[in-house]
Amino acid sequence: METSTLSRELRLEVAHNVRHLGGYRTMSGTVTTDVTIRSASLHRLTERGLEQLREQDVLTIVDFRSDVERERDVTPDMLRYGIRVVHAPVFQHDASPVGLANEFPGFAAVYAMFLEMGTAAYRTLFETLAEAEGRVLFHCAAGKDRTGVAAALLLELAGVDDATIIEDYTVTELLLAPLKDQWLPQMRERGYDEERAAALLAAPREDMEATLRHLRERFGSAEGYARAIGVSDSTLSAVRARLTA
């Protein structure tokens with residue numbers, strides 16, 4: 001049975017844009033499992049939030065943030081709850097849309113750059129998902145850009161159609177709305193006007209459309225990308241087996 005987009009959301013105290021990738025119909029007639037979860041940063045989690053993660057059978061977290069981001073927004077100790085954290089930075093210098101705001105080329109161009117500079121991070125995600133027990137949560141800062149590319153790769157690999165992948169991406173804008181009250185004052189302090197700052201929280205469907213086109217033109221498919229970055233056949237098979245049922 002397919003699952004509505006918003007019903008995938010997991011309410012954690014306190015984390016934003018947290019939702020699993022389960023319940024999507026694939027083009028081969030299977031349905032994606034809920035073993036993978038995408039999220040914004042977990043540094044706001046309370047003790048209750050940590051307990052909720054464990055109750056959701058999350059045993060592994062893949063953190064796409066840079067060292068600077070991790071030091072600035074420190075994630076609570078997960079080991080006390082039996083959760084391991086795998087650090088897999090997509091970049092170490094700030095190549096995010098915010099970091100590039102003064103010469104921002106558009107989300108699609110940034111995502112194409114992530115696919116090139118984030119090969120080690122995305123390979124780590126595939127390999128971690130293949131061997132991990134329990135559910136795997138992956139995240140960056142807002143759970144939109146680095147995480148959005150990762151979610152698109154996993155869903156495309158599972159055989160989900162483009163329209164669904166794009167829908168999964170665009171719902172991020174709705175789920176990030178509670179962060180705007182915190183985000184906009186911080187961005188004003190950095191010299192961005194409110195309109196430009198709000199645009200950096202957007203998730204335009206045309207940018208994910210362009211990203212999927214680029215993925216296929218450059219690599220053929222998510223599988224082609226995975227192979228190009230060194231993911232083995234056995235790992236790909238294991239990931240597919242975990243993503244679909």
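Mentor: Buried means under 20% relative accessible area, exposed over 50%, and partly exposed in between, with a 1.4 Å probe and protein chains only. This is a predicted model, where local features need pLDDT of at least 70, side-chain atom pairs count only at pLDDT 80 or more, and totals for chains, interfaces and linings use all residues. Residues are numbered from 1 along each chain as its sequence is written, and side-chain values use heavy atoms, with hydrogens and water left out.

Trainee: Fine. Is Y122 buried or exposed?

Mentor: Y122 is buried, at a relative accessible area of 0%. F64 is buried too, with a relative accessible area of 0%.

Trainee: How many aromatic pairs are there?

Mentor: Seven aromatic pairs. Rings of Phe, Tyr and Trp (its six-membered ring) pair if their centres lie within 6.5 Å; planes under 30 degrees apart are stacked, over 60 edge-to-face, and the rest tilted. For F64 and Y122 the ring centres are 5.5 Å apart and the planes at 70°, so this pair is edge-to-face.

Trainee: Where do F64 and Y122 sit in the chain?

Mentor: F64 is in the loop between β3 and α2, and Y122 in helix α4 (residues 119-131), 58 residues apart. Helices (H or I, at least four residues) and strands (E, at least two) are DSSP runs, numbered from the N terminus.

Trainee: And what kind of pair do F91 and F114 make?

Mentor: Tilted, because their planes are at 35°, with the ring centres 5.8 Å apart. F91 is buried at 4% relative accessible area, and F114 at 1%.

Trainee: Switching topic: which way do β3 and β4 run?

Mentor: Strands β3 (residues 58-63) and β4 (residues 84-87) run parallel, joined by four bridges; DSSP must find at least two bridges for strands to pair. I61 has V85 in β4 as its bridge partner.

Trainee: Last one: which residues line the largest cavity?

Mentor: L115, V149, A152, L153, T211, L212 and L215. On a 1 Å grid over the protein atoms alone, a cavity is a set of points where a 1.4 Å probe fits but cannot get out, and lining residues have an atom within 4 Å of a point. Helices α5 (146-158) and α9 (205-219) each give two or more residues to that lining.

Technical notes. 1 Å grid on protein atoms, 1.4 Å probe; cavity = no way out; pocket = protein on both sides within 12 Å on 5 of 7 lines; lining within 4 Å.
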